[in-house]
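Hello,

Here is the structure I promised to pass on to you. My notes on what turned up in it follow below.

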Amino acid sequence: MAKAREIKNRIVAVTKTRKITRTMEMVATSRLKKYQKVVLSSRPYSEALADVLGGLATSPEALAHPLMEKRAEVKNVALLVLSANRGLCGAFNNNICRTAQLLYHEFSGRRTGVKLFTSGKKGISYFRHRGYEAAWKDIELPDDQSVEKTRQLGRLLIEDFLCREVDQVHVVYCRFVSAGRQETATEQLLPLTAPAGPEREAVETDFIFEPSSTEIVNTLLPLFAQSSVYRMVVENVASEQAARRQAMKLATDNADEMITYLNRQ
């Protein structure tokens, strides 16, 4: 009887755990749909900006802009790590942090100074416990990923680059490919470069600027940099929700199998 009672108690405990994982799976599915729409709706805007930047990249005004300055000697780089505020999403946070850690040591091996910027509680905790000193102590983007908050983050990175505190800015995040596929990616944010794409025909184009070419470039390039930060943040959040849904679905399926096994016992 003692053994039967223990099995029944385990069934009750696993059933309660299954309710939690099933609920979290449903919440993650709902949030995934929301952020998937944000990602898909923001991509045309980012692609249009990238297309305009590609057309202006060779203009004298763009080439002379400080945000496109490629410095001969890279002494310091900024490394922004986008992670999640919560766990229970499989290897999502660990993959991002380990990729950033390898990149950090790669730069250090070249005797290049690295300013580490960590966003999200999990990333902050990961590097703090391993003795890494973060340039910004607390960068915790809210769960709603407001545009203003990401713009503020973009402005801080741009200011560091323009003040020559850093010579390059790199971002490590998770790129959202589909609901079933996410890829850890590293992307150079600054200095800005013409986005890679189909080869453009070598045709000289005379642009007509209104009100002035300098004013347009001075507005467009910082806007593109901030838009890139926002794009990476929302893709990272969508990837987080997809990873959490997959992890919770797997946990729910495992609980179902365990309950079936215990009932048979």
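A word on terms before the findings: a nonpolar core here is a set of buried Ala, Val, Leu, Ile, Met, Phe, Trp, Tyr and Cys residues joined through side-chain atoms within 4.5 Å, where buried means under 20% relative accessible area. Please keep in mind that this is a predicted model.

By that definition, the largest nonpolar core has 33 residues, and L189, L190 and L192 have the most contacts inside it. Two or more residues come from each of α1, β1 (76-82), α5, β4 (168-178), β5 (181-190) and α6 (213-264). Of these, α6 contributes the most, with 8 residues. Beyond its neighbours within four places in sequence, L192 touches L67, M68, L221, F224 and A225. There is also a second, separate core of 20 residues, with A84, Y126, C174 and A243 among them.

Two other residues may interest you. T150 sits in helix α5 (residues 147-162) and counts as buried because its relative accessibility is 1%. Leaving aside neighbours within four places in sequence, T150 is in contact with V229, Y230 and V233. K19, in helix α1 (residues 2-56), counts as exposed because its relative accessibility is 55%. The C-alpha atoms of K19 and T252 are 8.2 Å apart, although 233 residues separate the two along the chain.

On confidence, the average pLDDT is 87, and 90% of the residues score at least 70. Over residues 199-203 pLDDT stays under 50, and the model has 3 contacts beyond four places in sequence for that stretch. Where pLDDT is low, the predicted coordinates should not be read in detail.

Best wishes

Technical notes. Residues numbered from 1 in each chain as written. Predicted model: local features only at pLDDT ≥ 70, side-chain atom pairs only at ≥ 80, totals over all residues. Heavy atoms only, no water. Helix = DSSP H or I, 4+ residues; strand = E, 2+ residues; numbered from the N terminus. Buried < 20%, exposed > 50% of the residue type's maximum accessible area, 1.4 Å probe, protein only. Contact = heavy atoms within 4.5 Å. pLDDT = per-residue confidence, 0-100.
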